[in-house]
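Look at the model below and follow the text from one part to the next.

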Amino acid sequence: MSPSQPQADIRVPQVNAARIMQRLDHLATLTDPTVPYTRRAFSDLHGQARQWLEQQYIEAGLTPRYDAASNLIGRREGAQTTRTLALGSHIDTVTGGGRFDGILGVLVGLELAQTLHEANINLNHALEVIDFTSEEVSDYQAASCIGSRAFGSTLDDEMLARKNPAGEVLTDAINRTGGNATNIPQTVTQDYAGYLELHIEQGRVLEAENLSLGIVTGIVTIRRYELTVTGQPDHAGTTPMHLRHDALVGAAWIIQHVRELARQQEGLVTTIGRIHNHPNGPNVVPGEVTMVLELRSLDGNQIEQTYRRILDDAKPILDEDGLSLQTRPLSDAPGVYCDEVFQNTLQEAAVHYSTSHRTMPSGAGHDAMQVANVCPVGMLFVPSLGGRSHTPDEQSRPVDIQQAAQVMLRALVNLDEQLVR
């Protein structure tokens, strides 16, 4: 069966795949032209993109609003219940990111809403399409999933007090972009029956297996810690090697050890991707190094045990060089399992349209993992060509996007019927 000619289903109209791609292309123009594709949360470009998205919501028959965490929500009321089914993701990007990551989930959700609107199909549930605020690691000291954390009641006061390099407090940024940080504890004002999110895989599994769709079983736990190695800055020419307390040498040992520990364990990945060396001079022995350690696994206990192992193993090495280590947690996004009913409904839809698929976990974090604190969630992946993501080379095929959108629409209609109470 051709992907463009799915089985007829009078309850489920055809999505307009060309419209999805046109909107993707338009959002790609709202970027820093010197560093495509960059649209950081809380930036002027992000604000411009949201103004455009508000208009798209209206054209799709949705009523737009901002909640307390400045999440942009488009809503269509339901016919038989006040409960809500939601779709969404995010339109902010990493610096030098891609055109699809997060953005595809919002625009496919928008397309599903518009397809139902144009076909005059009213769901039993209210329908919302949500653009969550700052899913990507933000400029506010590595806080991520800011909008969905507020949605899931895990955005705490410590995170809200963090500042960006210009000194702006996160609460002020939220207020500046349509939110009301004072009301964040009451962000969720609806009764949500479920949430579906479409996302690019950001890996190579689906492409390697020549599959069009991944049905996500769960999302890994992600924890980040700030590690600060402190030594003593000294003149690089006059301080003998045996008298040095080189913080960067100690940090380098930790970085290497973190990698080796992950290589020894199935299902664990570790990264140190941000590092600041002080005083960072070519003729000065480094006196202090601050870095961010990230650990990911479906098993939260595995993360905790590895973190403790890193600290225990590093202590004698650092002591030998007269170095000290201070740590502090930055964020903790507990892993979640996708709802079994949602997985089964997505799988039924994929089979109905003869769409090649498999089940798989997500190694990347998504807004769905925070929303799971509020209601059942389900996720779909489309292949990422070459596994590329967080880069301008990020790409997914239009045919895969079309099939995924159609599968999600059928699953949405079926869930709407199943979940009425």
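The paragraphs below cover a sheet, the helices beside it and some aromatic rings.

This is a predicted model, in which local features need pLDDT of at least 70 and side-chain atom pairs count only at pLDDT 80 or more, while totals for chains, interfaces and linings use all residues. Residues are numbered from 1 along each chain as its sequence is written, and side-chain values use heavy atoms, with hydrogens and water left out.

Begin with the sheet. Strands of a sheet pair through backbone hydrogen bonds, either parallel or antiparallel. Here 4 strands form an open sheet in the order 9-11-7-12, with antiparallel pairing. Helices (H or I, at least four residues) and strands (E, at least two) are DSSP runs, numbered from the N terminus; two strands pair if DSSP finds at least two bridges between them. Strand 9 (269-278) and strand 12 (324-333) are the edge strands, each pairing on one side only. Strand 9 and strand 11 (residues 288-297) are joined in the antiparallel sense over 9 bridges, and T271 stands opposite E294 in strand 11.

Next come the helices. Helix 8 (residues 247-263) lies across strand 7 (221-230), strand 9, strand 11 and strand 12, and runs at about 175 degrees to strand 9. Angles run from 0 to 180 degrees between N-to-C directions, and axes are lines fitted to C-alpha atoms, for helices over the stretch in contact. Helix 8 also packs with helix 9 (residues 300-320), at an angle of about 145 degrees and with the axes 10 Å apart. On the helix 8 side the contact (heavy atoms within 4.5 Å) includes W253 and I254, and on the helix 9 side I310 and A314 are among the residues.

Now turn to the aromatic rings. A search of the whole structure finds 5 aromatic pairs. Rings of Phe, Tyr and Trp (its six-membered ring) pair if their centres lie within 6.5 Å; planes under 30 degrees apart count as stacked, over 60 as edge-to-face and the rest as tilted. F42 and Y140 form an edge-to-face pair, 5.5 Å centre to centre with 75 degrees between the planes. F42 is in the loop between helix 1 (17-29) and helix 2 (44-59), Y140 is in the loop between strand 4 (126-131) and helix 4 (146-151), and they are 98 residues apart.

F42 has 7% relative accessibility, so F42 counts as buried; Y140 is buried at 3%.

Definitions and conventions. Buried means under 20% relative accessible area, exposed over 50%, partly exposed in between (1.4 Å probe, protein chains only).
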